[in-house]
Amino acid sequence: MRWRLRGSIGLLGRLFAILLATVTLEFAVGTLIYERASQLSLQDDEARRLAEHLVIARKLLSENPSRERPALSFQLTTDRYDVHWSPAAPPPPPLSPGLERMRRQIIDWEPSLEKASLWLRLTPGRHSEINGGLRLPDGSWLYFGMHHSGGKWAFTIGRMGLALIPMLALLIAGWLLIRRTLAPLRDLTHATHRIGRGVEVMVPEAGTSDVRNLITAFNAMQARIHRLIDERTETLAAVGHDLRTPLARMQLRVESVADPDLREAMSDDLDEMGEMLESLLAYFGGDSEPESPVRSDVAVSIATVVDAFQDHGHDVTYDGPDHLEMTVRALSLRRAVRNLIENALHYGHRARVSLERKDGEILIRIDDDGPGIPRDRLEEVLRPFARLDEARQRNTRGLGLGLAIVQKAVAAEGGTFLLANRPEGGLRAEICLAAPRSTGRG
Amino acid sequence: MTAPSIILVEDDPPLRTLTARALQEHGYLVRPASSGPEMWVAFDAGPVDLVVLDVMLPGTNGIDLCRQIRRKSDVPIIFISAKGSETDRIVGLELGADDYLPKPFGTRELIARIRAILRRVGVERGPDDHRESEAHFDGWSVNFRRRELRSPTGAIVDLTGAEFDLLGSFLSHPQRVIARERLIELSRTRMGDSSDRSIDVLVSRLRRKLSSADRPAPITTVRGVGYMFNAEVSRA
C-alpha cells in the first residue's frame, strides 16, 4: 500500500496515462492491420483475369512504339481495369500496405510477371481499391488500377470492420479505465450523502494520489465532526447526570415544606425538570449506549403503555392484536408511543391507539380529538424545541422534544412518521414500520 | 423485632444526609458511607439488612462494589443512579442488585422499594430460596434477575413491575389454587408502582400477555376462591 501511495500519480496523470495507452494501442493495432493487409487475397478467378489482362497489356504495349502506347493503354482500359503507360520510373511507393499475398496469387497464374517487378498496393482512393505497376522490357512502366466490383462491399466493410473493432474495443477499455479511476470519487459522493445520519462512514483510501488525499481529508473531517458531536453529547450527559443529584436533594427537601400547596407546586416543578432532563438526554443521547434492536412483542409493549395511562385515569384505548413480534429498539419505540399519547392527551381529551398489519407494513396510529395542527405547520412541529403553544397561549410542559424524539426513534427503525389532520377532526399520528416476515408465536 | 439496618452509600454529602434522615424517620437504622472503604467499615459494624448504593461513586464505583458484595453476601441491594435509562437498570439488576431507583426520587418511593424488597426477602428467602435466575413454562422463560419475560419464540414481552411480581407468585405455586387474598398479599410488594388496580385487572392483563393464537394463558379462575397456574414450571 505504501509504495503505491508514493508511486501514485495524480488524476491528471492517470487520465493522461489512459489516453497514452489507448493511443499507443491504436497505433499498434493500426500497424498490425497494415501488416495484415498483405494477407488480403482475391478470389481465384479474379486473380486469373487480372493476371491475363496484365500479360496481354504488357505484351501489346511492349510490342508497340512509345507514341502509340498512351492511346493503346486507353483502349486497354475497361470497366474493370484502368491501364496507363508511363516512360518514367514509379514514384516512391507511398505508405500503403503491400499486398503480398495478392501478388503471389497473380504471379502463380502468370509467372512471367515475376520478372516484370510487379507491385500492388491498397489505395485509399475511391475508384480503385488496388493499383500497381509492372516494368516493360524497355524500362518504361505500366500502371493499372482495379475496380473491385463483385466483392466490393464485403471488401470495404471488411476493411472498415477491421479498423472499427479495435476502435470500439479501445473506447470501451478507455471508458472502463476512466470509470475505475473515478470510482473512489463515486464512493466519496455516496459517503457524503450518508454523513450526518448518525453513523461514521469511513471511505477506504483508494485511487490516485489527489483523490486519496481528498478521501483522507474527508475522513479526517468526519472524525472531527463525530468527535465534536461526541464531546457535546458527553458534556450534555455529564450535566444531565450532575443535575440529577441536586434535583434529588430538592425532592427530599421539598417533603419537609409545611405548606401543602407550596409543597405540591414545588414537587410539580421538580417533576417537570426531571422530565426535561430525561427528554433532553433521550433526544441527544448520552444516557447510555445506543439501544440495539431486539426481538420483542410490540403489541404487548403498546398495550402496556396504554394500561399505564388508563391506570392514571386517562381515556386511552388500544385496538389491535394481542401479540406482534418484531425486532425493534423496543425502549425507544415505547417512548415514542408514550410521547404521542401524552401529546394526544395534552391537546385533546382522549387517545385511540391502534396497531394494524397491512400490506407488508405495521401501522401504529394514535388518534386524538384535539384541534389538530394547521396544515402549514405540520412539518415544523417535528423539529426539536418546536411548539405550537406560543400561538395558542397554552401551557406546555417540557422542552418541545417529544415529536422530535418520536421522529428519531422511527427513523432508527427505518420507518416513517406522519402527522395528519383527520377529516372527522383531531390529529392522527402514524408510525409506519416494515412488517416482519412472520409474526406468529410458536 | 429490631428495626432493619441499612447501609447507605452516597458520595454527595447533602444528599447522603437527607436520605439518611428520611430513612431514619421511617424507622430504619442507617449507617451512612461516602465510599467503598467506608462501606466495608459499616459492614463490620453489625448486621446489615439492606444496602442502598449509588452507582456513580469516586474510586471504586457502585457496580464494582455490588460485585464485591455479592461475592460475600446475599444482602439485598438497591441501586440509586443519576442514569435513568433502562439499559443501566438492567445492568444493575444483572449484577445482582434487587432494585434500581433513578434520581431524583422521593422518600415515599424509596421507602416503598425498601419495604417491598425486605418483604420479598422475608417471604421468599426462607427455607425455599427463590433467588435462582430462571424459570420456564410452556416454552416461556422468565429471568428473575433482569425481571424479564420471553415468549416461546424468544421475544421480550413487556410486563409491569406488578405483573412481573404476580407472575412470580404464580410460578412459586404452580398447579395449586391460590386464594385472591393470598395473591394480593404476595404481589403487593411494589407499592411504589403506579398500578393499584385490583388483582383481577392484573390477572386479566397477564393472561392477555401470556396467551397465544393456539392456546390461552395457563391461568384459570377458580370461582369464589382465586386462581390457579396450570403449567409445569421448571427452574434453572
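Modeller: A residue counts as buried if 20 or more other C-beta atoms, placed from the backbone, lie within 10 Å of its own, as exposed if 12 or fewer do, and as partly exposed in between. This is a predicted model, in which local features need pLDDT of at least 70 and side-chain atom pairs count only at pLDDT 80 or more, while totals for chains, interfaces and linings use all residues. Residues are numbered from 1 along each chain as its sequence is written, and chains are lettered from A and ligands numbered from 1 in the order in which they are written.

Biologist: Which residue of chain A has a positive phi although it is not a glycine?

Modeller: Most residues other than glycine have a negative phi, and most peptide bonds are trans. In chain A, D359(A) has a positive phi of about 45°, and it is found in the loop between β8 (350-358) and β9 (361-368). D359(A) has 6 other C-beta atoms within 10 Å, so it is exposed. As for the peptide bonds, a cis bond joins K103(B) and P104(B), with omega about -5°, and P104(B) lies in the loop between β5 (99-102) and α5 (107-124) of chain B.

Biologist: What are the totals for chain A in helices and strands?

Modeller: Chain A has 12 helices and 11 strands, and 26% of its 442 residues count as buried. Of the contacts in chain A (two residues are in contact if their C-beta atoms, placed from the backbone, lie within 7 Å) that link residues at least 6 apart in sequence, 63% join residues at least 24 apart. One case is E26(A), in helix α2 (residues 11-36) of chain A, whose C-alpha atom is 7.2 Å from that of P166(A), 140 residues away along the chain. Leaving out residues up to four places away in sequence, E26(A) touches P166(A) and L170(A).

Biologist: Which residues have the most contacts inside the largest nonpolar core?

Modeller: In soluble globular proteins, nonpolar side chains tend to be buried together. A nonpolar core is here a set of buried Ala, Val, Leu, Ile, Met, Phe, Trp, Tyr and Cys residues joined through C-beta atoms within 7 Å. The largest one has 62 residues, and those with the most contacts inside it are I302(A), A336(A) and I341(A). Neighbours within four places in sequence aside, I341(A) is in contact with V305(A), F309(A), V316(A), A351(A), V353(A) and I366(A). Another core, of 37 residues, lies apart from it and includes I7(B), L50(B), V55(B) and Y100(B).

Biologist: At what angle do the axes of α6(B) and α8(B) cross?

Modeller: Axes are lines fitted to C-alpha atoms, for helices over the stretch in contact, and angles run from 0 to 180 degrees between N-to-C directions. For helix α6 (residues 161-172) and helix α8 (residues 199-210) of chain B, the axes come within 10 Å and cross at roughly 85°. The two helices are therefore roughly perpendicular, given that angles under 35 degrees count as roughly parallel, over 145 as roughly antiparallel, 65 to 115 as roughly perpendicular and the rest as oblique. A162(B), E163(B), L166(B) and L167(B) of α6(B) make the contact with L202(B), V203(B), R205(B) and L206(B) of α8(B).

Biologist: How many residues of chain A are in contact with chain B?

Modeller: 36 residues of chain A are in contact with 37 residues of chain B. On the side of chain A that touches chain B, the elements giving two or more residues are α7 (209-254), α8 (260-284), β5 (294-297), α9 (298-311) and α10 (330-347), and α7(A) gives the most, with nine residues. By class, that side has nine nonpolar, 12 polar and 15 charged residues, where Ala, Val, Leu, Ile, Met, Phe, Trp, Tyr, Cys and Pro count as nonpolar, Asp, Glu, Lys and Arg as charged, and the others, Gly among them, as polar.

Notes. Helix = DSSP H or I, 4+ residues; strand = E, 2+ residues; numbered from the N terminus.
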